[in-house]
Amino acid sequence: MRHLLTHTKEKPYVCDTCYKGFSQKTHLSRHIWTHTKEKPHVCDICSKSFSQKYHLRQHLATHTKEKPYVCNICNKAFPRKATLRQHMLIHTEEKAHVCDVCSKAFSQQGNLMQHLLTHTNEKPHVCDICSKGFSQKLHLRRHMLSHTKEKPHLCNLCSKEFTQKAHLRRHLATHTKEKPYACSKCNKNFSQKSDLRRHLYKRKVSCGPHVQEEAVEED
């Protein structure tokens, strides 16, 4: 019966603190530890403790340096299967679901449905604590972290925790030293898009608005 809920998408077990739903009672029990601050899972190597077992497994990879999940296109390796799946979207670029209003494309229909609310300005997802409304459930869940102080996104390399996945991605660049954002005028590279934008602004100030205009178009 528990397995069937993964197909029906039913989530009958709800957290009394943040109202997040789960398909299995064990998953709810693990989640509750993030509120109670219990950390029963302890690393045998450095004694660092974690509230959830999979966080401990992710942390152990920082000691072993194992990366068993390898991309068959570019051979980049990852410690987690989920990270590899996310990476694969870079290569496939499959976005079959297109918005009729602005033509923005999405890889999943659910993402398109959520996006459509940004055009209608509907905000059906409301925070039970402060009554703030959101157009997407994801944004509400992200907002709830500001109340619960939960940080579910964990760096596999240093175990630093973040409330948002985007913050984790920016942080990872400090480990990889990758600088994918390049200025088309001076070939200077940056690890974050915000750094590139600041650089382009400085070019506008020092060289005039025409330089900024061209650079932003190329970005």
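Of the 219 residues in this chain, 26% count as buried. The model is a predicted one, with a mean pLDDT of 79 for the chain and 87% of the residues at 70 or more. The chain holds nine helices and 14 strands, and its accessible surface comes to about 15300 Å², with 51% of that belonging to carbon and sulfur atoms. Among contacts with a separation of 6 or more, residues 24 or more positions apart account for 12%.

- Confidence in the chain is highest in strand 5 (residues 69–70), at a mean of 89.
- Helix 9 (residues 209–218) sits at the other end, with the lowest confidence and a mean of 41.
- Over residues 209–219 the pLDDT stays under 50, and the model has 13 contacts beyond four places in sequence for this stretch.

**Annotated spans**

- An unreviewed UniProt entry carries the annotation "domain: C2H2-type" for residues 13–40, 41–68, 69–96, 97–124, 125–152, 153–180 and 181–215.
- Take residues 41–68 as one example: this span is 43% helix and 14% strand, and its end C-alpha atoms lie 23 Å apart.
- Residues 125–152 are also 43% helix and 14% strand, and here the end C-alpha atoms are 21 Å apart.

**Helix 3 and its surroundings**

- Helix 3 covers residues 53–64, twelve residues in all. From first C-alpha to last it reaches 17 Å, close to the 16 Å expected at 1.5 Å a residue.
- Which residues of helix 3 are buried? They are H55, L56, Q58, H59, A61 and T62.
- The cover over these buried residues includes strand 3 (41–42), strand 4 (49–50) and strand 11 (153–154).
- H55 belongs to helix 3. H55 counts as buried because its relative accessibility is 5%, under the 20% cut-off.
- Leaving out residues up to four places away in sequence, H55 touches F50, P152 and L154.

**The largest nonpolar core**

- Eight residues make up the largest nonpolar core: C15, C18, F22, L28, C127, F134, L140 and M144.
- C15, one of these core residues, touches K20, L28, H31 and H35 once residues up to four places away in sequence are set aside.

- C130 is placed in the loop between strand 9 (125–126) and strand 10 (133–134).
- Is C130 buried, exposed or partly exposed? C130 counts as partly exposed because its relative accessibility is 39%, which lies between the 20% and 50% cut-offs.
- Beyond four places in sequence, C130 touches H143 and H147.
- C130 and M144 are 14 residues apart in sequence, and their C-alpha atoms are 9.7 Å apart in space.
- H143 is found in helix 6 (residues 137–148). With a relative accessibility of 14%, H143 counts as buried.

**Two serines with positive phi**

- S131 has a positive phi near 70°, in a residue other than glycine. Its place is the loop between strand 9 and strand 10, the loop that also holds C130.
- S131 counts as exposed because its relative accessibility is 57%, over the 50% cut-off.
- S159 is not a glycine either, and its phi is positive at about 70°. S159 lies in the loop between strand 11 and strand 12 (161–162).
- Is S159 buried or exposed? S159 is buried, so its relative accessible area, 5%, falls under the 20% cut-off.
- Side by side, then, S131 is exposed, whereas S159 is buried.

How values were computed. Residues numbered from 1 in each chain as written. Predicted model: local features only at pLDDT ≥ 70, side-chain atom pairs only at ≥ 80, totals over all residues. Heavy atoms only, no water. pLDDT = per-residue confidence, 0-100. Helix = DSSP H or I, 4+ residues; strand = E, 2+ residues; numbered from the N terminus. Contact = heavy atoms within 4.5 Å. Buried < 20%, exposed > 50% of the residue type's maximum accessible area, 1.4 Å probe, protein only. Expected span 1.5 Å × (residues − 1). Core = buried A, V, L, I, M, F, W, Y, C linked by side-chain atoms within 4.5 Å. UniProt positions renumbered as here; feature names shortened; annotations may be inferred. Areas by Shrake-Rupley, 256 points an atom, 1.4 Å probe, with all protein chains shown as cover.
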